[in-house]
Amino acid sequence: MSLLVVGLSHRSAPVSVLERAALHADAQVKLVQDTVAAEPATEAAVLATCNRIELYADVDKFHAGVAELSTLLAQHSGVGLDELTPYLYVHYEDRAVHHLFSVACGLDSMVVGEGQILGQIKDSLARAQYLHTAGRLLNDLFQQALRVGKRAHSETGIDRAGQSLVTFGLQQLAAGGSVEDWARGKTAVVIGAGSMSSLAAATLARAGVGEVVVANRTAERAERLAEILNDAGDLDVVARAVPMDAVPGELTRADVVVSCTGATGLVLTAEAVGTAVSGRLVEGVPDVGAGRGWVAQPGADGVPPAPTRAAPGGTTARGLAEPEENCPLDLPSLSATAGFSVLGEAAVAGMGAAELEQHAAWVENAPRPQTSSPVTDDADAIAALAALASSGMRIPERRKPEAVVEASRPAPVLFLLDLAMPRDIDAAVHRQAGVRLVDIESLAEASADAPMAADVDQVRRIVADEVAAFGAALRAAHITPTVVALRTMAADVVAGEIARLEGRLPGLDDKHRAEITQTVKRVVDKLLHAPTVRVKQLAAEPGGAGYADALRTLFDLDQEAVAAVSRAERADDESENSKNRGPA
């Protein structure tokens with residue numbers, strides 16, 4: 001076995017990198033095709049979800065395989081290899097099997113225990129089969145991963161809560177309250193009609209929304225999803241389909257928007273969202289569940305202007321909005337910041353050595369109010385900071401930051417859930433009043449603090465057992481062609497000896513000839529039975545790969561005969577798998 005996986009996920013990379021590295025459907029196809037065309041790989045499959053991109057391959061060389069797969073990921077994602085490499089992880093042989101089985105069980109998901117990953121693994125295998133890039137190893141691996149995932153869900157309660165990324169996102173939108181109470185009677189717009197969007201539409205309908213509007217680039221798919229929702233007898237919801245160009249108008253009356261498309265650009269801009277909520281804000285009602293990104297700006301939206309700061313010795317510093325006169329670095333924007341003085345070390349944190357030297361010279365000669373502290377103290381301090389910066393060290397910020405003026409945020413009138421990768425909704429929406437946006441990045445932050453399911457340890461034991469069993473089966477299968485070649489050689493020896501006997505005893509009747517032939521075969525079978533059974537058992541143990549070589553050496557087996565058996569088995573596997581795949 002030479003299974004290798006190279007990838008990145010929400011556990012190894014920030015969402016900003018995942019977003020840039022996301023692969024659309026055509027790119028995934030090209031990636032697996034280029035992988036099997038590369039020298040180290042004979043099989044390949046890509047598993048791409050909203051929070052992971054992983055390339056699986058059967059390789060004949062580890063180091064060459066890692067280099068090639070990493071390079072291919074960088075080329076097809078558009079992220080430079082040097083930038084991508086720090087976020088990549090590599091798993092080989094048993095560790096690669098363990099990783100995929102853990103993924104299939106939901107242990108590596110953003111929402112631990114979610115079952116949607118099983119459908120994504122199934123799609124990944126189907127794609128590789130369709131493209132004829134999945135051979136015996138990846139077919140066996142992915143099919144077993146699906147079985148392990150189903151076993152984990154059936155034998156444990158890891159999915160007892162029935163959570164998916166959709167339900168987790170809706171919980172974040174509900175800000176800790178009941179999703180059913182929050183969703184009841186709302187109008188929802190679902191953008192996209194794929195598996196994730198379909199799950200979102202069904203989840204919203206079950207939660208109690210009054211109307212679901214489905215928008216998709218392909219009108220037929222949107223209409224089909226709306227029809228399914230309307231025909232579901234257990235859902236009390238009205239669903240309808242609209243074209244994508246109708247989305248801006250639908251936003252003006254929507255309460256909830258869930259977007260998950262395969263678009264490479266933004267589907268909803270901050271301007272479009274701002275227009276949709278214009279005139280809908282409820283004054284005087286604060287947003288108790290305001291998300292990240294909302295910072296009250298002094299002097300804006302009713303926030304009082306920032307106070308001026310006392311200079312050393314109790315003298316009030318010049319107005320914060322007024323730039324310092326003749327400063328060679330032109331720092332008016334800094335001097336307009338609350339609690340900031342260009343005469344202190346806070347002003348120079350992050351400056352380069354040359355800039356610091358200029359600033360130190362200006363501080364020493366700058367006009368200032370009379371203070372009890374010598375002017376040279378400030379200049380000397382900044383000059384010392386310049387020396388520190390020139391040595392490559394970070395400028396320390398010793399002054400405790402002053403409190404930011406906070407204002408209550410208006411209650412949201414539009415709730416947005418962005419499950420796409422790359423993002424569908426402009427991240428700038430986080431800062432808009434009257435809107436609550438939950439995206440993959442905020443879900444990742446929330447999931448990091450979520451408690452682990454009580455059944456995780458039990459699922460981990462299942463994974464460990466299944467990895468051991470899968471590894472043993474693969475190692476045993478590795479020696480099977482050698483055993484088959486040995487038995488074939490023995491059968492040829494028996495046939496040759498019977499032919500020689502017939503030449504020496506031409507008068508032998510059919511009854512005696514058949515009895516002699518059967519006797520010789522039984523002797524050979526009994527002699528080979530115990531050694532071949534035992535060698536399969538030994539080969540299945542860790543480190544047992546060498547037994548196949550030993551068997552070939554002991555019986556002087558033709559390597560080409562062994563390879564012919566392997567080719568015949570692969571052809572049988574190919575014939576069986578072609579029943580479930582489309583044309584190449």
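Mentor: Let's go through the overall makeup, then some local details.

Mentor: Keep in mind that this is a predicted model.

Trainee: Okay, how many helices and strands does the protein chain have?

Mentor: The protein chain has 21 helices and 10 strands. Of its 584 residues, 45% are buried. Among contacts with a separation of 6 or more, 71% are between residues 24 or more positions apart.

Trainee: And what does the accessible surface come to?

Mentor: About 28700 Å² for the protein chain, with 53% of that belonging to carbon and sulfur atoms.

Trainee: Which residue does the UniProt annotation "active site" cover?

Mentor: That record, an unreviewed entry, puts the annotation on C50. C50 is in the loop between β2 (41-49) and β3 (52-59).

Trainee: Is C50 buried or exposed?

Mentor: C50 counts as buried because its relative accessible area is 11%, and the cut-off for buried is under 20%.

Trainee: What is C50 in contact with, leaving aside neighbours within four places in sequence?

Mentor: L165, M196, L419, M421 and I440.

Trainee: Which residues touch the most other members of the largest nonpolar core?

Mentor: L8, L165, W182, V212 and L419, out of 70 residues in that core. Helix α10 (residues 195-207) gives the most to this core, with six residues. There is also a second, separate core of 34 residues, and A45, V103, A134 and F470 are among its members.

Trainee: Switching to backbone geometry. Where is there a cis peptide bond?

Mentor: From M421 to P422, with omega near 5 degrees. P422 is in the loop between β9 (414-418) and β10 (435-438).

Trainee: Why flag that kind of thing at all?

Mentor: Because most peptide bonds are trans, and most residues other than glycine have a negative phi.

Trainee: Then which phi values would you look at?

Mentor: E93 has a positive phi of about 50 degrees and is not a glycine. E93 is in the loop between β4 (89-92) and α5 (94-104). A175, also not a glycine, has a positive phi near 55 degrees, and A175 is in the loop between α8 (165-173) and α9 (179-183).

Trainee: How accessible are E93 and A175?

Mentor: E93 is partly exposed at 31% relative accessible area, and A175 is partly exposed at 42%.

Trainee: On to charges. How many salt bridges are there?

Mentor: The count comes to 23 salt bridges. One of them joins K30 and D34, whose closest N and O atoms are 2.9 Å apart. K30 and D34 are four residues apart in helix α2 (residues 25-37), so about one helical turn separates them.

Trainee: What about R52 and E54?

Mentor: R52 and E54 form a salt bridge too, with closest N and O atoms 2.9 Å apart. R52 is buried at 1% relative accessible area, and E54 is buried at 0%.

Trainee: Last one: which residues form a nonpolar patch on the surface?

Mentor: M489, V493, L554 and F555, with about 370 Å² of accessible area together. M489 is in helix α18 (residues 456-504) and counts as partly exposed at 30% relative accessibility.

Key: Residues are numbered from 1 along each chain as its sequence is written. This is a predicted model: local features need pLDDT of at least 70, side-chain atom pairs count only at pLDDT 80 or more; totals for chains, interfaces and linings use all residues. Side-chain values use heavy atoms; hydrogens and water are left out. Patches are made of residues with over 30% relative accessible area and no salt bridge: like charges are joined within 9 Å, nonpolar side chains (Val, Leu, Ile, Met, Phe, Trp, Tyr) within 5 Å. Accessible areas come from the Shrake-Rupley method with a 1.4 Å probe; for residues, only the protein chains shown count as cover. A salt bridge is a side-chain nitrogen of Lys or Arg within 4 Å of a carboxyl oxygen of Asp or Glu. Helices (H or I, at least four residues) and strands (E, at least two) are DSSP runs, numbered from the N terminus. Buried means under 20% relative accessible area, exposed over 50%, partly exposed in between (1.4 Å probe, protein chains only). UniProt positions are given in the numbering used here, feature names are shortened, and annotations may be inferred rather than shown by experiment. Contact means heavy atoms within 4.5 Å. A nonpolar core is a set of buried Ala, Val, Leu, Ile, Met, Phe, Trp, Tyr and Cys residues joined through side-chain atoms within 4.5 Å.
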